[in-house]
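Work through the exercises below with the structure open. Try each task before you read its solution.

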Amino acid sequence: MAEFNAMDTAAFKGVWVFCEQREGQMQTISYQLLSEGRKLANDLGVELCGVVMGSGLNEDYIKALGGYGADRVYYLDSPLLKDYTTDGYAKALCDLVMDKKPEIVLIGATNLGRDLGPRCAARLHTGLTADCTHLDVDVEKYKNFLRTTSNMDVDNTKFEENTNLKMTRPAFGGHLMATIICPRFRPQMSTVRPGVMQTQPYDEAGAAKVVVEKITPALSAEDIHVEILDIKKSAKKLVDLIGADVVVSVGRGISSDPEKGIALAEELAGVLGGVVGASRAVTDEGWLSADHQVGQTGKTVHPRIYVALGISGAIQHIAGMQDSETIIAVNKNEGAPIFDVATYGLVGDLYKVVPELIKQIRAIKAAQ
Ligand SMILES: Cc1cc2nc3c(=O)[nH]c(=O)nc-3n(C[C@H](O)[C@H](O)[C@H](O)COP(=O)(O)OP(=O)(O)OC[C@H]3O[C@@H](n4cnc5c(N)ncnc54)[C@H](O)[C@@H]3O)c2cc1C
């Protein structure tokens with residue numbers, strides 16, 4: 001293996017995406033990160049590589065990663081990588097990084113990625129920016145991003161011309177956005193939450209020409225210090241907010257009768273073909289489980305329709321839903337900040353407005 005020195009920044013080249021699979025099923029975050037990684041790789045003029053770990057995975061399925069932008073996929077195949085262990089995955093990924101020296105490594109901020117990313121960053125002696133919401137290498141593109149998302153005087157600010165990865169993430173409870181760089185060490189590592197980046201359309205030609213390199217990692221049972229005795233899946237089916245076309249979310253505005261408020265949201269979601277989300281106020285109260293939470297510390301969604309019922313529009317909530325195509329807000333306070341981001345706003349009591357909405361939608365559907 002070539003000598004590894006994280007400070008020898010010139011020796012590192014290429015963009016990598018850790019492609020997470022579970023039980024052979026590729027997680028959608030992998031496609032989102034490949035789509036984003038493709039843009040970065042194009043700007044840098046380098047290869048985009050996916051890294052998949054597992055045992056006996058379907059290789060056609062791995063080739064499909066080319067359809068989302070990968071030029072090359074490293075498939076680390078070992079019985080010791082069948083189930084995730086921090087030790088096994090971290091060793092296999094770090095060994096590969098030390099050998100091939102990518103300049104950027106993107107990992108999904110899933111439960112698995114949040115465990116794997118920091119472990120690898122520490123081992124490789126480099127930095128990691130967690131929960132990024134925006135990534136750029138090109139300075140002009142970064143300036144354009146600032147022009148549209150901030151009130152900074154971009155044209156009168158001096159920017160250093162370089163291709164460091166500019167990793168932007170919410171900071172101080174979402175009250176400001178911070179852009180972090182890792183100029184002295186490589187690889188530059190970042191985790192991104194599922195749903196933040198958009199998946200580009202699948203490209204058959206990309207899948208046909210992707211190069212898959214199957215590698216047997218140098219792993220032995222002694223490298224893994226835990227033994228998996230059993231995997232117990234949660235009996236509860238978690239709500240799929242990220243993939244939903246329509247999300248109807250409830251906030252503390254349902255506090256006078258939470259059960260009725262949630263039933264109304266479920267009924268409205270039912271007629272619109274959507275699922276129920278919530279503000280943190282609702283999940284903190286235990287009226288809905290944490291997997292329903294939308295926002296900075298919950299899920300980031302961009303459905304076709306987002307309905308906010310009795311949600312004030314705190315910055316941390318907005319951070320998770322502002323990119324929805326159409327936002328409909330119902331709130332009895334006409335000054336509520338949610339109306340600043342809403343496409344349509346209804347000022348009124350949700351317990352009165354929602355039954356009427358349901359009635360009208362049903363009538364329109366019946367007439368079609
Ligand atoms: C670090 C940090 C992370 C956070 N992460 C998140 C996050 O991920 N997601 C999130 O949601 N929050 C998050 N929060 C909390 C956030 O700051 C707000 O406290 C929370 O979003 C408020 O929830 P809400 O809008 O439901 O409640 P409130 O702010 O209490 O608003 C309730 C709204 O309901 C309206 N209302 C009341 N009764 C009715 C009625 N009958 N009909 C119609 N409208 C009615 C009121 O006018 C009001 O606007 C975070 C906070 C911090 C500090």
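The buried residues of helix H1 pack against S1, strand S3 (25-26), S4, S6, strand S8 (134-136) and S11. Helices (H or I, at least four residues) and strands (E, at least two) are DSSP runs, numbered from the N terminus. The model is predicted: local features need pLDDT of at least 70, side-chain atom pairs count only at pLDDT 80 or more, and totals for chains, interfaces and linings use all residues. Residues are numbered from 1 along each chain as its sequence is written.

**Exercise 1. Describe helix H1: its span, its buried residues and what follows it.**

Start with the span. H1 covers residues 28-44, 17 residues in total. From first C-alpha to last it reaches 25 Å, close to the 24 Å expected at 1.5 Å a residue. The expected span is 1.5 Å times one less than the number of residues.

Next, burial. A residue is buried if 20 or more other C-beta atoms lie within 10 Å of its own, exposed if 12 or fewer, and partly exposed in between; C-beta atoms are placed from the backbone. In H1 the buried residues are Ile29, Ser30, Tyr31, Gln32, Leu33, Leu34, Glu36, Gly37, Arg38, Leu40 and Ala41.

Last, the end. Just after H1, Gly45 has a positive phi of about 70°.

**Exercise 2. Which strands pair with S1, and in what sense?**

Two strands pair if DSSP finds at least two bridges between them. S1 and S4 pair in the parallel sense over five bridges. Here Val17 stands opposite Gly50. S1 and S6 are also parallel, over three bridges. Trp16 stands opposite Val105 in that pair.

Now check the faces of S1. Val15, Val17 and Cys19 lie on one side, Trp16 and Phe18 on the other, and all are buried.

**Exercise 3. Why is S6 largely enclosed by the rest of the structure?**

Count its buried residues. Five of the five residues of S6 are buried, so the strand is largely enclosed. Ile104, Leu106 and Gly108 point one way, and Val105 and Ile107 the other way. Then follow the pairing. S6 and S11 run parallel, joined by five bridges. Ile104 stands opposite Gln188 in S11.

**Exercise 4. Which residues have the most contacts inside the largest nonpolar core?**

A nonpolar core is a set of buried Ala, Val, Leu, Ile, Met, Phe, Trp, Tyr and Cys residues joined through C-beta atoms within 7 Å. The largest has 53 residues, and Val51 and Leu93 have the most contacts inside it. Take Val51. Two residues are in contact if their C-beta atoms, placed from the backbone, lie within 7 Å. Leaving aside neighbours within four places in sequence, Val51 is in contact with Trp16, Phe18, Cys19, Tyr74, Leu93 and Leu96. A second, separate core has 36 residues, including Leu268, Val282, Ala329 and Ile338.

**Exercise 5. Is Gln198 buried or exposed?**

Gln198 is in the loop between strand S11 (188-192) and helix H6 (204-209). Count its surroundings. Gln198 is exposed because 11 other C-beta atoms lie within 10 Å. List its contacts. Beyond neighbours within four places in sequence, Gln198 is in contact with Gln32 and Ser35.

**Exercise 6. Inspect the backbone at Pro187, Glu23 and Asp131.**

First, Pro187. The peptide bond from Arg186 to Pro187 is cis, with omega near -5°. Pro187 sits in the loop between strand S10 (176-180) and S11.

Second, Glu23. Its phi is near 50°, a positive value in a residue other than glycine. Glu23 lies in the loop between strand S2 (21-22) and S3. With 9 other C-beta atoms within 10 Å, Glu23 is exposed.

Third, Asp131. Its phi is near 60°, again positive in a residue other than glycine. Asp131 belongs to strand S7 (residues 128-132). With 18 other C-beta atoms within 10 Å, Asp131 is partly exposed.
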